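Biologist: Could you bring up the model, so that we can go through it together? I have a few questions about it.

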Amino acid sequence: MCGGAGYLREDVPLGHPHFGRITPCQCLRTRLEARRLADLRAVSNLDALAHYTFDSFKADLNLPLDQRTSLCRAYEAAQAFAETPHGWLVLLGGYGCGKTHLAAAIANERIARGQPVLFVVVPDLLDHLRATYGPHSPARYDERFEQVRSAPLLILDDLGTQSSTAWAQEKLFQIFNYRYNARLPTVTTTNLELEAIDIRIRSRLTDPDLVRICTILSPDFRSGGVHHSAAELSTLGLHEDQTLTNFSLREKELSAEQVASLQQAFNFARSFAESPEDWLLLTGGFGCGKTHLAAAIANEQVRQGHSALFVVVPDLLDHLRATYAPNSPVSYDKRLDEIRTVPLLVLDDLGTQSATPWAQEKLYQIINYRYNARLPTVITASDDFDAVDERLKSRLLDRARCTSLLIKAPSYRGSEAREWQRPARRKTVRR
């Protein structure tokens, strides 16, 4: 019994390594542990997230197959991590896709088991550290920093939303690096692509020996689960009659070379529609059939239960511009994220947009993201690439990522127009 003294001298013989050492008594250790848990919970602000549990998470919503599958995988990974925190878990996804709910559910589950956890939004974390410089701060900087970097389980929500000052980047790197070297369990959520994260942190977040990365493809639950890009941007409904089964190879009207180019494009499009992988670039003159094949691929994916966005490039840029309006129902960042992360993106008529620096930059951001993430993408363009930005060309012409097919057939509409313009043959009337 310690009698409330607080500290005890260990009862060990002379010469023992612990001889003369003072240690906290059991009562004090209990009080210190309770204080530490209360402090972590207060910093975490988990009381406001108490309703974020695994039981309240809905992973079986009526979503396209690919979105539902990604959500279920993330849910199972989070549950397994909450059961036995080991290594790192990174949850990637757009706004409102459920990653914060899963991260908070891990924290709430661990706390329910009496285990310490620190859950903090990254900008708030940096604010907590800055506040320790104040003269009236209840904690010193080194105490608070040590509390964060050595927490038994650290959950960092919304990495990338902080201001990217040199100081902020340095503090985050120190935290990630310490926990990486110590192999301390860590959960991170972000809506950034990995390439946009500081390379020093990214190299640790992508270590396959330590980290499991789960990408959530589902839409924003806070908007009722409606995927804006599919509901508002896609014009696939205008092409629902364009399928692979009704695509004509026009053998009777074209030369052998032209039919061969159509056949090659059709065969590859059919294979791509079954299992989209990397990129497909279809080039050729207006009306040659490239839009039909691109729409047919998207229609086949939708038929299989997957999501696809089909949009003409100038219309796509108009949708982005519209987000700048004060009454826009969606922000620019959210709209851009919807477009660049959709499981299958079909960009029709690349090169017909106005070649302003703004337009070129937006297209580059979308295409570069999908290039690095290797997200299935179909692009149609004329065979004249002069109007295409050099940065885009370098990605479109990368044979390791993109299959480029030239359709040499003339326009369907052109041949029909010639038939309409041909003078009607006069009938001979016998008298």
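Predicted model: local features only at pLDDT ≥ 70, side-chain atom pairs only at ≥ 80, totals over all residues.

Biologist: Which residues point which way from S11?

Modeller: Thr377, Ile379 and Ala381 point to one side of the strand, while Val378 and Thr380 point to the other, and all of them are buried.

Biologist: And which strands make up the sheet, in what order?

Modeller: The sheet is open and has 5 strands in the order S9-S10-S11-S8-S12, with parallel pairing. At the edges are strand S9 (309-312) and strand S12 (402-407), each of which pairs on one side only, and from one strand to the next the twist averages 15°.

Biologist: How many bridges does S11 have with S10, and how many with S8?

Modeller: Strand S10 (residues 345-350) pairs with strand S11 (residues 377-381) in the parallel sense over 4 bridges, whereas the pairing of S8 with S11, also in the parallel sense, runs over 5 bridges.

Biologist: Which residues in S11 are the bridge partners of Leu345 and Leu350?

Modeller: Leu345 has Thr377 as its bridge partner in S11, and Leu350 has Ala381. As for Leu280, the residue that stands opposite in S11 is Val378.

Biologist: What about helix H13, which strands does it lie across?

Modeller: Helix H13 (residues 357-373) lies across strand S8 (279-284), S10 and S11, and it runs at about 140° to S10.

Biologist: Changing topic, what is the average pLDDT of the protein, and where is confidence lowest and highest?

Modeller: The average pLDDT is 83, and 84% of the residues score at least 70. Confidence is lowest in helix H15 (residues 412-421), with a mean of 45, and highest in strand S6 (residues 186-190), at 96.

Biologist: Which stretches have a pLDDT below 50, and how many contacts does the model have for them?

Modeller: One of them is residues 223-230, where the pLDDT is below 50 and the model has 20 contacts beyond near neighbours in sequence. Another is residues 414-431, where pLDDT stays under 50 and the model has 2 contacts beyond four places in sequence.

Conventions
Residues numbered from 1 in each chain as written. Heavy atoms only, no water. pLDDT = per-residue confidence, 0-100. Helix = DSSP H or I, 4+ residues; strand = E, 2+ residues; numbered from the N terminus. Contact = heavy atoms within 4.5 Å. Pairing = 2+ DSSP bridges. Axes fitted to C-alpha atoms, helices over the stretch in contact; angles between N-to-C directions. Buried < 20%, exposed > 50% of the residue type's maximum accessible area, 1.4 Å probe, protein only.
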